[in-house]
Amino acid sequence: MTGQAPTPVQMERQRQRARRYTRPGFLIQLALLACLVAGPMLMPSFRVMDLVAKIMIFAVAVASFDIILGYTGIISFAHGMFFGLGAYSVALICHYSQPVQYHHLLLAGLLAALISAVVAVVISALSLRVKAIFFAMVTLAVAEFCHILGYQWSSLTKGEDGVSFKLPGVFNADWSGGSLWGTQINGRLLVYYLILVVAVLLFVGLVRFVRSPVGRVLKAIRDNEQRATALGYRVFRYRVLSTVFGSLVSSLCGALFAMWLSYVNPDTVLGTPLMLNILLMVIIGGLGTVYGGILGAAFIKIAETWLPDLQKLALSLWPKVEFMQRLAERWILLFGILYILSVLFFPKGVVGTLRDRAEVRRLRRLGRP
Amino acid sequence: MDVLNLAHGAFFAWGAYAGFAVLNALNGLGWVETGTLGQGILSVLLALLAALAIGGVLGLFLERVIIQRVYGDHLKQILITMGASMVLAEVIKVLWSPNNQTVLVPLSFTGSYDVMDVVINKFRVVAIVVGLAVYAGVMAVMQKTKLGIIIRAGVENREVVQTLGYNINRIFTGVFMAGAALAAVGGSMWGIFREQITPAMGDENLIFALIVVIIGGMGSVTGSFLGACMVGLAFNYVAYLVPKLALGANILIMVIILLIKPWGLMGREQ
Amino acid sequence: MPEAILSLAGVHTHLGQHHILQGVSLEAARGRATVLLGRNGAGKSTTLRTVMGLTPASAGSVVFDGRAIEKARPYAVARAGVGFVPEDQAVLRGLTVEENFRLAMLQESPEAWAKLDTIFELFADLKKFWRAKAGVLSGGQKQMLAIARAFVGDHKLLLIDEPSKGLAPIVVDHLIASLNQLKQHTTIILVEQNFHLASQVGSDYFILDDGRVVHSGLMKALVDDEGLKQSSA
Ligand SMILES: Nc1ncnc2c1ncn2[C@@H]1O[C@H](COP(=O)(O)OP(=O)(O)OP(=O)(O)O)[C@@H](O)[C@H]1O
Ligand SMILES: [Mg+2]
């Protein structure tokens with residue numbers, strides 16, 4: 001290409017490259033990152049920090065689910081299970097190694113990645129050749145199996161009681177390192193920053209993945225499988241690749257989640273409510289957008305923190321009516337209804353709808369009627 | 001019907017709770033635990049009837065309000081029926097309670113027959129007979145009757161069937177209702193058999209149903225029948241040897257079958 | 001001019017964002033065969049599908065046998081007496097040939113079964129494959145089945161989309177004979193690219209282009225008018 005005038009496409013690319021650091025999207029990302037870093041210093045409230053840490057973890061988990069569902073068009077009901085596998089890897093290794101050390105965390109992370117990769121490869125190799133429906137059914141069965149296993153293999157998992165454990169060294173909740181500019185430096189805070197770093201890295205990895213050539217092939221497959229096959233892409237391999245990648249990220253999110261809580265049990269990290277939450281977040285955020293994961297996770301997690309207050313309100317309004325009390329306890333019911341409504345009437349989610357609007361505006365600017 | 005309905009487990013649970021409620025109410029009349037044989041049989045029949053009705057009504061509602069909007073879109077079908085199943089299970093928890101309930105069963109239905117030293121649970125016999133009857137009935141309707149032809153044709157191509165003068169939407173609603181009603185009856189029988197029901201029973205049984213259908217091959221009643229036999233036998237056999245591995249054994253069978261025949265035993269490539 | 005059994009007035013049809021039919025008006029006279037001609041993509045199939053209610057009209061009126069049917073659902077249109085043979089051999093592959101026929105009979109009356117004998121004379125292959133799955137038939141045999149299926153029903157009006165597609169010339173000749181026979185008791189609207197068949201069967205014609213009727217008249221006149229024939233092909 002040397003010595004030749006750049007083509008219009010290349011010129012457009014260069015122009016976009018030059019604007020890369022001044023785009024509004026980039027600035028928003030920067031601001032968000034700054035808030036996440038400075039947040040605990042400026043607002044030393046545990047409740048807020050807890051909320052933000054969970055949102056970060058779930059944003060990545062949901063974005064990784066979006067790789068499978070939104071970008072590849074496959075429904076995996078095992079995403080929650082992979083999350084749980086990661087969580088249990090950390091919990092069990094930290095619980096059973098005395099004394100627990102830093103390399104155990106690393107080991108747990110590797111184990112989580114390894115197990116989830118192997119399981120994902122096996123499941124998808126078995127069932128992805130057939131219709132997407134089959135994959136959904138198989139993952140649902142396997143996920144439910146793991147959930148039950150979590151209960152019943154009590155010699156290892158302690159069943160319903162769950163596993164509580166201590167993190168090594170500076171990540172231990174009891175560790176304290178004095179204070180810096182008026183902020184307590186303790187194990188919790190360091191775990192928060194660990195989560196922040198890992199979550200940002202994973203998220204960047206996900207965004208890179210969908211923008212890579214592989215990501216484009218996945219979109220091509222989703223939109224028209226036959227055409228992609230005819231173009232010579234090995235559809236099956238790409239599907240397996242994306243499923244395995246998404247599942248692996250999910251298990252790492254689970255590992256972070258377990259570290260944050262220092263506790264896991266089958267219902268919170270393996271059960272169907274978790275899966276429903278992830279589904280709800282991805283639908284609300286918008287399928288096939290990756291960034292939607294952040295919004296979806298934030299919305300649901302914030303709602304979850306506020307719901308207990310709403311319950312109290314409901315209880316104070318109808319103190320005697322037992323039926324109302326039971327209704328107030330069942331916030332999953334509300335989420336379920338919200339979920340159905342959004343699948344029916346808001347299928348593109350927040351980010352998807354916004355992008356559509358932006359696209360329409362862009363076309364209009366280009367002078368189309 | 002080319003609709004993947006993950007809410008089937010919820011119909012199952014609703015049937016069980018409907019039967020439970022009816023038996024409870026009838027027990028107030030003294031029919032169930034202390035009644036005569038006739039009253040016992042009648043109350044079980046009423047329980048099954050209630051399950052049939054509730055299953056039909058729920059099926060009608062779900063099909064008309066939700067599923068009809070997403071025909072032809074498998075992804076949305078799966079997503080939405082998953083949500084519906086969740087909501088239905090939660091409503092059970094609101095109406096009754098999140099905890100286990102004990103089902104009152106007429107005395108004449110508990111206990112067992114003793115045939116040449118083999119002890120056979122009475123209700124199990126009833127269940128097997130009903131199961132076989134349903135299988136035979138479904139097969140006969142699908143293969144021999146005009147309705148069966150219309151349904152099979154509709155699964156393949158709704159548009160053509162419509163242009164031949166059949167209101168396929170209404171027919172499919174009916175099929176969906178029938179499926180839901182059958183699931184509910186199955187649920188209430190299960191409840192009576194186990195004498196214990198929980199809101200989560202739908203999910204648990206859905207897993208079995210899914211494994212059965214995966215093994216048997218989708219869209220094949222005979223395949224499902226074969227699958228059910230395999231799953232049932234394996235489950236009970238393993239449950240007898242190593243109780244905790246029973247479900248694992250079924251997953252293993254599923255994996256092996258999928259390795260040999262990716263479309264299931266009787267499934268056809270599409 | 002005999003009374004019209006079907007008349008379209010200013011019919012517009014949208015498919016998604018696309019405005020396909022842009023004001024189609026035409027009339028089919030009772031007891032005659034009307035042929036729709038036009039380039040590929042002119043909107044012929046869409047016109048038939050709109051009459052059937054498969055792609056409902058967004059504006060305009062469709063009157064069949066004195067009844068407005070532009071809002072009717074496909075099954076209701078079919079029950080009112082309109083038979084439809086779609087373009088793409090819409091036989092039900094999972095059903096046997098026999099079941100395909102049973103499906104086509106709204107009432108399985110003895111008269112309907114009696115019609116089968118004439119059908120077997122026309123399309124002997126169908127008898128041979130009576131109990132075979134329709135999926136195993138060859139392309140031409142499927143086309144025969146799709147047409148024959150429309151014959152067993154009791155229709156006042158038959159909409160047939162490109163029946164000659166994929167049929168051997170000898171079979172096309174049979175088809176012409178049978179369509180002419182059918183004309184005795186049914187009105188036919190035919191979309192056809194095979195001008196030989198169209199001219200042998202049709203009595204009136206309409207030429208569509210870009211979703212509008214651009215020409216119409218008696219088939220006889222069209223056969224004599226070489227220039228117009230060129231432009232319609
Ligand atoms: N589902 C659809 N969405 C958008 N446009 C469509 C759709 N179906 C058909 N069209 C367009 O509508 C126009 C008319 O199609 P139609 O099938 O009626 O043509 P036709 O006259 O039957 O052509 P042919 O002779 O090839 O069968 C075509 O330009 C086609 O591209
Ligand atoms: Mg056409």
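**Rings and an interface**

Mentor: Happy to. In this predicted model, F58(A) and F257(A) are both buried.

Trainee: How are the rings of F58(A) and F257(A) arranged?

Mentor: Their planes are at 80 degrees, over the 60 needed, so the pair counts as edge-to-face. The ring centres are 5.6 Å apart. F58(A) sits in helix α3 of chain A and F257(A) in helix α11 (residues 235-261) of chain A, so the pair ties together parts 199 residues apart in sequence.

Trainee: Nice. How many aromatic pairs are there over all chains?

Mentor: A search of the whole structure gives 14. One of them joins F58(A) and F83(A), with centres 5.4 Å apart and planes at 25 degrees, so that pair is stacked. F83(A) belongs to helix α4 (residues 79-96) of chain A, and both F58(A) and F83(A) are buried. In chain B, ring pairs link W14(B), Y17(B), F20(B) and W96(B) into a cluster.

Trainee: Switching topic: how much area do chain C and chain B bury between them?

Mentor: About 1,900 Å², with 56% of it on carbon and sulfur atoms. On the chain C side, Y75(C), L92(C) and L103(C) supply 31% of the area buried against chain B, more than any other three residues.

Trainee: And how many salt bridges are there between chain C and chain B?

Mentor: There are 2. R152(B) forms one with E99(C), where the closest N and O atoms are 2.9 Å apart.

Trainee: Which kinds of residue make up the side of chain C that touches chain B?

Mentor: That side has 14 nonpolar, 1 polar and 8 charged residues.

Key:
Residues are numbered from 1 along each chain as its sequence is written. Chains are lettered from A and ligands numbered from 1 in the order in which they are written. This is a predicted model: local features need pLDDT of at least 70, side-chain atom pairs count only at pLDDT 80 or more; totals for chains, interfaces and linings use all residues. Side-chain values use heavy atoms; hydrogens and water are left out. Buried area is the accessible area (1.4 Å probe) that two parts lose on being put together, summed over both. A salt bridge is a side-chain nitrogen of Lys or Arg within 4 Å of a carboxyl oxygen of Asp or Glu. Ala, Val, Leu, Ile, Met, Phe, Trp, Tyr, Cys and Pro count as nonpolar, Asp, Glu, Lys and Arg as charged, and the others, Gly among them, as polar. Rings of Phe, Tyr and Trp (its six-membered ring) pair if their centres lie within 6.5 Å; planes under 30 degrees apart count as stacked, over 60 as edge-to-face and the rest as tilted. Helices (H or I, at least four residues) and strands (E, at least two) are DSSP runs, numbered from the N terminus. Buried means under 20% relative accessible area, exposed over 50%, partly exposed in between (1.4 Å probe, protein chains only).
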